[in-house]
Amino acid sequence: QELTKRIAFLKEKTLKKPGRKRQTFYLNGTELTDEELLYLIDYEYYDSIGKLEKDVGAGKNQLRNHYNKVKEKL
């Protein structure tokens, strides 16, 4: 039980941990929001996150990491 509490605490800490300033990406002239990112990937609008990163001009794994953080929060 104590280990479960510790793991939950560490997960929460990593989600709150400040990192680099969040960069804004645009897809087809509109801002790519968290909800839109989840929708595009979950409903397979894009085959992979890598293709979406290329289309919006994001760095390698930049959107993948953001997608994983948003999924963890949910």
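Colleague: Which residues does Leu63 touch, leaving aside those up to four places away in sequence?
Modeller: Leu63 touches Phe25, Leu32, Leu37, Ile49, Leu52, Glu53, Val56 and Ala58, where contact means heavy atoms within 4.5 Å. This is a predicted model, in which local features need pLDDT of at least 70 and side-chain atom pairs count only at pLDDT 80 or more, while totals for chains, interfaces and linings use all residues. Residues are numbered from 1 along each chain as its sequence is written, and side-chain values use heavy atoms, with hydrogens and water left out.

Colleague: And is Leu63 buried or exposed?
Modeller: Leu63, which lies in helix α4, has 4% relative accessibility and therefore counts as buried; buried means under 20% relative accessible area, exposed over 50%, and partly exposed in between, with a 1.4 Å probe and protein chains only. Leu63 is also 40 residues from Gln23 in sequence, with their C-alpha atoms 10 Å apart in space.

Colleague: Which residues have the most contacts inside the largest nonpolar core?
Modeller: They are Leu27, Leu32, Ile41, Leu52, Val56 and Leu63, in a core of 15 residues. The elements α2, α3 and α4 each give two or more residues to this core, and α2 gives the most, with four. A nonpolar core here is a set of buried Ala, Val, Leu, Ile, Met, Phe, Trp, Tyr and Cys residues joined through side-chain atoms within 4.5 Å.

Colleague: Which residues of α2 are buried, then?
Modeller: In α2, which spans residues 34–42, the buried ones are Leu37, Leu38, Leu40 and Ile41. Seen down the helix axis, the buried residues of α2 fall within an arc of 165°, so they line one face; the arc is that of the directions from the axis to the C-beta atoms.

Colleague: What do the buried residues of α2 pack against?
Modeller: They pack against β1 (26–27), α3 (49–56) and α4 (62–73). Looking at Ile41 by itself, and again not counting residues up to four places away in sequence, the residues touched are Tyr46, Ser48, Ile49, Leu52 and Tyr67.

Colleague: Changing topic, how many helices and strands are there?
Modeller: The protein chain has four helices and two strands, and from the N terminus on they run α-β-β-α-α-α. Its radius of gyration is 15 Å, well over the 11 Å that the globule rule gives for 74 residues, so the chain is more spread out than a compact globule. That radius is taken over C-alpha atoms, and the rule is 2.2 Å times the number of residues to the power 0.38. The elements themselves are DSSP runs numbered from the N terminus, with helices (H or I) of at least four residues and strands (E) of at least two.

Colleague: Which element has the lowest mean pLDDT?
Modeller: Helix α1 (residues 2–16) has the lowest mean, 86, whereas α2 has the highest, 93. The protein chain averages 88, with 97% of the residues scoring at least 70; pLDDT is the predictor's confidence in each residue, from 0 to 100.
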